[in-house]
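Here is a walk through one protein model, from its nonpolar cores to a helix and a cavity. Keep the structure open as you read.

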Amino acid sequence: MKKQYKLGVIGGGFMATAILKGVVYSDFLRAKKIIVADPSEQARQKLSELGVYTTANNRDVAGNCEYLLLAVKPQTLADVAASIKGLPVEKVITIMAGVKKQKIKDVLFGDDIKVARVMPNLPCSIGSGMSAIDFEDFSDDADDCSFIIDVFETLGAVLSVPESKLNAVTGISGSGPAYVYMFIDGLIKAGIRQGLTEEEAKTLAVTTVKGGADMVAHSEDKSLADLIAAVCSKGGTTIQAVESFQKDDMEGMIDRAVAACVRRAEELSEQ
């Protein structure tokens, strides 16, 4: 049976709003082909400004859309499942961190449904994000895969990974923006201590990090070691900072932080 809406979304929070802005502003989907449920009247009013249909009733969404996007907190999954029990949902996309596909099938509609898990990150809200997608359940349907990819490509880059790697993805790109912000914050504070104003230090730090990342992306013929060496010169200034980082085991610090993040993601996956 043909559904009234192409995309239905349960949850109207920050990331759901980012996704909806991406698909609507890019003209990938017409707003009238989208329906969103959220219990907050304020959230619904804000979302309705995009032109999408909004409702407080999850059943209005789940029973009338081709693709159902679950954009709620993991701890609310049981309540959401109870609210849409018995409806003919076939295709689910979830951005719930740590919730495995099988658990979603178990509490929702059984093994007959298809579930795609997606791990987006915060920069998706400005179109510069990274989304890792496991759509193995949809591998036999090119149109389904294309739709899911296209939705998240409106928010930035997309990488296809198996579900078994999503916790590692969380440790690198899902949580990674926080690490970058901490590094930028450290550069700004160091700059201030060296006599720069906060605005000067922020401009220098942000532009340098962005430019450095762009160089990595566009220097396919050079390794990261090559790029580091290109900035350093024997007896110069940069090598002093690099050697200080090495002495403080910067690589080890990063590795331990990512490992801690992944461990927590694994714990959540088993709950």
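Leaving aside its neighbours within four places in sequence, which residues is Ile34 in contact with? They are Tyr5, Leu7, Leu20, Val23, Val24, Leu29, Val52 and Tyr53. Contact means heavy atoms within 4.5 Å.

A word on the source. This is a predicted model, in which local features need pLDDT of at least 70 and side-chain atom pairs count only at pLDDT 80 or more, while totals for chains, interfaces and linings use all residues. Residues are numbered from 1 along each chain as its sequence is written, and side-chain values use heavy atoms, with hydrogens and water left out.

Ile34 belongs to the largest nonpolar core, which has 33 residues. Such a core is a set of buried Ala, Val, Leu, Ile, Met, Phe, Trp, Tyr and Cys residues joined through side-chain atoms within 4.5 Å. Buried means under 20% relative accessible area, exposed over 50%, and partly exposed in between (1.4 Å probe, protein chains only). Ile34, Ile148 and Phe152 have the most contacts inside this core. At least two of its residues come from each of strand 1 (5–10), helix 1 (14–25), strand 2 (34–37), strand 4 (65–70), strand 6 (114–119) and helix 6 (142–153). Helix 1 gives the largest share, seven residues. Helices (H or I, at least four residues) and strands (E, at least two) are DSSP runs, numbered from the N terminus. Apart from this core lies another, of 24 residues, among them Ala62, Ala81, Met96 and Ile113.

Now turn to helix 8. Its buried residues are Gly176, Pro177, Ile184, Ile188 and Gly191. Seen down the helix axis, they fall within an arc of 115 degrees, so they line one face of helix 8. The arc is that of the directions from the axis to the C-beta atoms. The buried residues pack against helix 7 (166–174) and helix 9 (198–218). On the other side of helix 8, Met182 and Arg193 are exposed. Gly195 follows helix 8, with a positive phi near 105 degrees.

The whole structure holds one cavity of 30 Å³ or more. A cavity is a set of points, on a 1 Å grid over the protein atoms alone, where a 1.4 Å probe fits but cannot get out; lining residues have an atom within 4 Å of a point. The lining of the largest cavity consists of Thr94, Ile95, Met96, Ala97, Arg117, Val118, Met119, Leu166 and Thr170. Strand 6 and helix 7 each give two or more residues to this lining. The largest share, three residues, comes from strand 6.

Note on methods
1 Å grid on protein atoms, 1.4 Å probe; cavity = no way out; pocket = protein on both sides within 12 Å on 5 of 7 lines; lining within 4 Å. Points joined across faces, edges and corners; volume = space filled by probe spheres on them.
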